[in-house]
Amino acid sequence: MTARFSSVTAYIQDAFLISFVFLFIDAGARFPLVLIWLGLAMATALTAAAVSWRKPYNPTPVLIAASLVMALALLAGVTAGTFIVLTIISLYRLHARFSELEDKNSGESFFLIMFLVIFTISLVLSIFNPLGSSQLLLFPTAAAAIIFYTVSRLFYRYLNARKEGAKLWQAIAVSTGIIAIASAAAFIFHILADEIRHLAGSVLGGILTIVLWPFAGVLNWLVNFINGLSTEEEKLDNLSNMEEQAEQPEDLPYSGGLEFDYTILAGVGIVLAVIIGILLIRKIKPDVANQKEESVAEISRFSEIAEKLEEPEPARGYNLVNIHEIRKAFREFEQKALIAEKGRLEHETVREWANREALPFTESFFKTYDKVRYSNGLIENREASPFVEELEKINENFFRENV
């Protein structure tokens, strides 16, 4: 449950980061594009969670359901090109978050750093180049992102701590308290903003007075020297010109924001999304081009850990391993666990099973497992060997003694 919740919240956090880009795009729809994107992203996350809750992640039904949800953007009045861009971005981030469960790595620091960087850039752009709904929705979007992040992280902590007796009302009370304290501080700062600004100016002026006091004589001499270069008539002419300019203030020309060609922007977004999709496919299915060199893999098994310590790199006779052989080894491992009455439940993920039975899998094991599960073809020996050796070691230490 915590693993799937972590995937859902990570996807929504990605949606908030991407939403700052949509603040500066006017799609010509009934509502601002940023609101359409965030609303559909929330609905997509809930739909994907409902489809894959307590089940292994299956990309086909999840991505189809997510596409149908994103199709609601057409009802909001967006163009077909905008709909395609939103769908590609949504499916890419959804698959990235759901395919690899990061239950133990919450990614807190990454989101905060990216939020500060993107929000700062958006704030500067909204000042110098106000486009779309950037000025109106920038701060509400940032506030919503922070509130969601705070509540989701606190609820994630509650899910991990409920086994130790934590109550739901405690998590709700803590979340409400933190948000209330932050809101009260912001409200007080808003009321006292003018007074704080004047106070800061007075303090800064006093500091400058103290710092520049030793140079007061030099500055007075410089001013008198410059004034001595002009005659009395020139001084009177300059004074009269300054008075006339003060009586007739000039109207400063207004420079509006630049206008971008939305069609070009959408085209660039589609091209980038396609490139990212190709890179993602190559990452999920590595070494596809080397399938012609596929050879029969024979995995050597050892009965004692001591033998493995004596020969840490046993001769395997191949550089690439067929992923099917690795899957076969993992299925045999699951059968041995089932015989030892420590098998994986039907709704459990591998991480949840390992946490429940205290199986000491490493993070590299889970990365190889995700690659083996969602890929086909060949896998490098340097990834396959540690994976199989971990299965053998845990089988020796946890299962064999109960058989």
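Modeller: Helix α13 passes α15 in a left-handed crossing; left-handed says that the near helix is turned anticlockwise from the far one by less than a right angle, and right-handed is the clockwise case. Helices here are DSSP runs of H or I with at least four residues, strands are E runs with at least two, and both are numbered from the N terminus. Keep in mind that this is a predicted model: local features need pLDDT of at least 70, side-chain atom pairs count only at pLDDT 80 or more, and totals for chains, interfaces and linings use all residues. Residues are numbered from 1 along each chain as its sequence is written, and side-chain values use heavy atoms, with hydrogens and water left out.

Biologist: At roughly what angle do the axes of α13 and α15 cross?

Modeller: Axes are lines fitted to C-alpha atoms, for helices over the stretch in contact, and angles run from 0 to 180 degrees between N-to-C directions. For α13 (residues 323–339) and α15 (residues 363–374), the crossing is at roughly 120 degrees, with the axes coming within 10 Å. The two are therefore oblique to each other (under 35 degrees is roughly parallel, over 145 roughly antiparallel, 65 to 115 roughly perpendicular, the rest oblique).

Biologist: Which residues in α13 and α15 meet?

Modeller: Contact means heavy atoms within 4.5 Å. Ile323, Ile326, Arg327 and Phe330 from α13 meet Phe365, Tyr369, Lys371, Val372 and Arg373 from α15. Phe330, Phe365 and Tyr369 are also among the residues that ring pairs link into a cluster.

Biologist: How many aromatic pairs does a search of the whole structure find?

Modeller: There are 19. Rings of Phe, Tyr and Trp (its six-membered ring) pair if their centres lie within 6.5 Å; planes under 30 degrees apart are stacked, over 60 edge-to-face, the rest tilted. Take Phe111 and Phe115: their centres are 6.1 Å apart and their planes at 25 degrees, so the pair is stacked. Both sit in helix α5, four residues apart, about one turn of the helix. Phe115 also stacks with Phe119, at 5.8 Å centre to centre and 5 degrees between the planes.

Biologist: Is Phe111 buried or exposed?

Modeller: Buried means under 20% relative accessible area, exposed over 50%, partly exposed in between (1.4 Å probe, protein chains only). Phe111 is buried at 3%, Phe115 is buried at 7%, and Phe119 is buried at 16%.
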